[in-house]
Amino acid sequence: MAIEVRIPTILRSYTGGAKVVEGAGDTLGELLTDLDSRHGGLKGRLVTEAGALHRFVNVYVNDEDVRFLGALDAKLNDGDSITILPAVAGGAFGFAAAAAIGSHKLSTVVESGHPVPDVAR
Amino acid sequence: MARYDSLLDACGGTPLVGLPRLSPTAPEGAPPVRLWAKLEDRNPTGSIKDRAALFMVRAAEEAGQLRPGDTILEPTSGNTGISLAMVAKLRGYRLVCVMPENVSTERVQLLRMYGAEIIFSPAAGGSNQAVATAKQIAAEHPDWVMLYQYGNEANARAHYETTGPELLHDLPTITHFVAGLGTTGTLMGTGRYLREKVEGVQVVAAEPRYGELVYGLRNIDEGYVPELYDATVLSRRFSVGTRDAVLRTRQLVEVEGIFAGFSTGAILHAALAVAHEAVRAGRRADVAFVVADGGWKYLSTGAYGGTLADAEEALDGQLWA
């Protein structure tokens, strides 16, 4: 048995495009070190130089946020499922979701006569 | 009390109802574990956001930032816009909402019905971009007031002063409070209040996990955490996927007769997790969770019927919370 790790699209360049990779370790920190030995550079995107989880990265162990389980010291067991996700604004999440759905659209729709600054490009 | 001078006065004071059928059964002789639903869909526009909208507008009035006839600007794609539109109408303000160009037609229709004007922001760029766009519009219209729910302390204070006290009054034995994590206002305000009053209370967050399409564009260096968020208020934080949220939303209406939106299903999923843990540990628990809104605005997704797989597909890429 191993620990299954779900990789977000933005980090799949480190895993040869793989959505899910497997690793081992008694803690999250050990798991990330183990992953980094096969997927060089991955750990550096998740952990700061000071040795803490990057502020805008969320890691979940069996759907629970690892920051409330000891962060990098969180204990892991064989069979655990890890999900890595970029942090996004909760309420503003709607915007992110809509942006993803409509990413092919780049036009700016204006109503009510108010110009919208074209700052997206 | 059931009589109010105006609709705004009828904000809050929502019922807390027990869920005898969904609550896990503790073994014979073990302390009881009970689930309680705070029915926030019973607010004037049908969601918990009425509380924050009212408090943010009042705070701006008291600070002298809002005068009758002024324009309020808010980036929102959901319930906050609808709540603000109602409050703005009744208090004599104009509301301009900035939202992505591809939100559901129900939301656009509701906002227009309540009298809001809409500026659609470019779909590309994600949440940071939408907030940045709204900030830039605000800079071009310095006389417009941006309440900015992600960083407005009155958003959290609404829950510190109303949701929290209501819960403690109705459920003095509360052990867990479970709510959705969006602007974080509900959890920060209610959570702080309960932590001050109830020793050992657990404040539990449930955040929606959408299909990966949503995260595909997210760059880790461009993440965004609402200014209101203070992780020390929370005890635990769960990420709930679409399938679990749909399953629980359906269970809530099938078993207990409560018709809610999918964000409530995600919250219920986390509430059931902590309730079952309490049963396994043999601990007494009174778990109160938020029913954030009713299911009406999400019927057009088709996700209330068919198989779970169908529903998950129907909601893939949809904004279900």
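This is a predicted model: local features need pLDDT of at least 70, side-chain atom pairs count only at pLDDT 80 or more; totals for chains, interfaces and linings use all residues.
Salt bridges come first. Side chains of opposite charge can pair when their charged atoms come close. Over all chains, the count of such salt bridges comes to 20.

The side chain of B:Glu207 meets that of B:Arg237 in a salt bridge, with an N to O distance of 2.6 Å. B:Arg237 lies in strand β9 (residues 236-241) of chain B while B:Glu207 lies in β8, so the pair ties together parts that are 30 residues apart in sequence. B:Arg237 is buried too, with a relative accessible area of 8%. The two side chains are also joined by a polar contact of 2.6 Å.

What else does B:Glu207 touch, leaving out residues up to four places away in sequence? Within chain B, the residues it touches include B:Leu181, B:Phe238, B:Ser239 and B:Val240. From chain A, A:Asn58 and A:Tyr60 are among the residues that touch B:Glu207.

Strand β8 of chain B also holds B:Arg209. This residue forms a salt bridge with A:Asp63, and the closest N and O atoms are 3.0 Å apart. A:Asp63 is in the loop between β3 (57-61) and β4 (64-65) of chain A, whereas B:Arg209 is in chain B, so the pair joins two chains.

Another salt bridge links B:Asp293 with B:Lys297, where the closest N and O atoms are 3.6 Å apart. How accessible is B:Asp293? Its relative accessibility is 0%, so B:Asp293 counts as buried. B:Lys297, at 13%, counts as buried as well.

Salt bridges can also be linked to one another, as in the following case. B:Lys38, B:Glu40, B:Arg51 and B:Glu166 are linked in a network of salt bridges.

Next is a residue in a helix. B:His276 belongs to helix α9 of chain B, which covers residues 262-281. With a relative accessible area of 36%, B:His276 is partly exposed.

How many cavities of 30 Å³ or more does a search of the whole structure find? The search finds two. The second largest cavity has a volume of about 30 Å³. Its lining consists of B:Ile48, B:Lys49, B:Ala52, B:Asn155, B:His159, B:Thr183, B:Gly185 and B:Thr186. Three helices of chain B, α1 (49-62), α5 (153-170) and α6 (185-197), each supply at least two residues of this lining. Sorted by class, the lining has two nonpolar residues, five polar residues and one charged residue.

Key. Residues are numbered from 1 along each chain as its sequence is written. Chains are lettered from A and ligands numbered from 1 in the order in which they are written. Side-chain values use heavy atoms; hydrogens and water are left out. On a 1 Å grid over the protein atoms alone, a cavity is a set of points where a 1.4 Å probe fits but cannot get out, and a pocket is an open set with protein on both sides within 12 Å along at least five of seven lines; lining residues have an atom within 4 Å of a point. Grid points are joined across faces, edges and corners, and a volume is the space filled by probe spheres set on the points. Helices (H or I, at least four residues) and strands (E, at least two) are DSSP runs, numbered from the N terminus. Ala, Val, Leu, Ile, Met, Phe, Trp, Tyr, Cys and Pro count as nonpolar, Asp, Glu, Lys and Arg as charged, and the others, Gly among them, as polar. A polar contact is a pair of N or O atoms within 3.5 Å; within protein, one must be able to donate a hydrogen and the other to accept it, and residues adjacent in sequence count only if both atoms are side-chain atoms. Contact means heavy atoms within 4.5 Å. A salt bridge is a side-chain nitrogen of Lys or Arg within 4 Å of a carboxyl oxygen of Asp or Glu. Buried means under 20% relative accessible area, exposed over 50%, partly exposed in between (1.4 Å probe, protein chains only).
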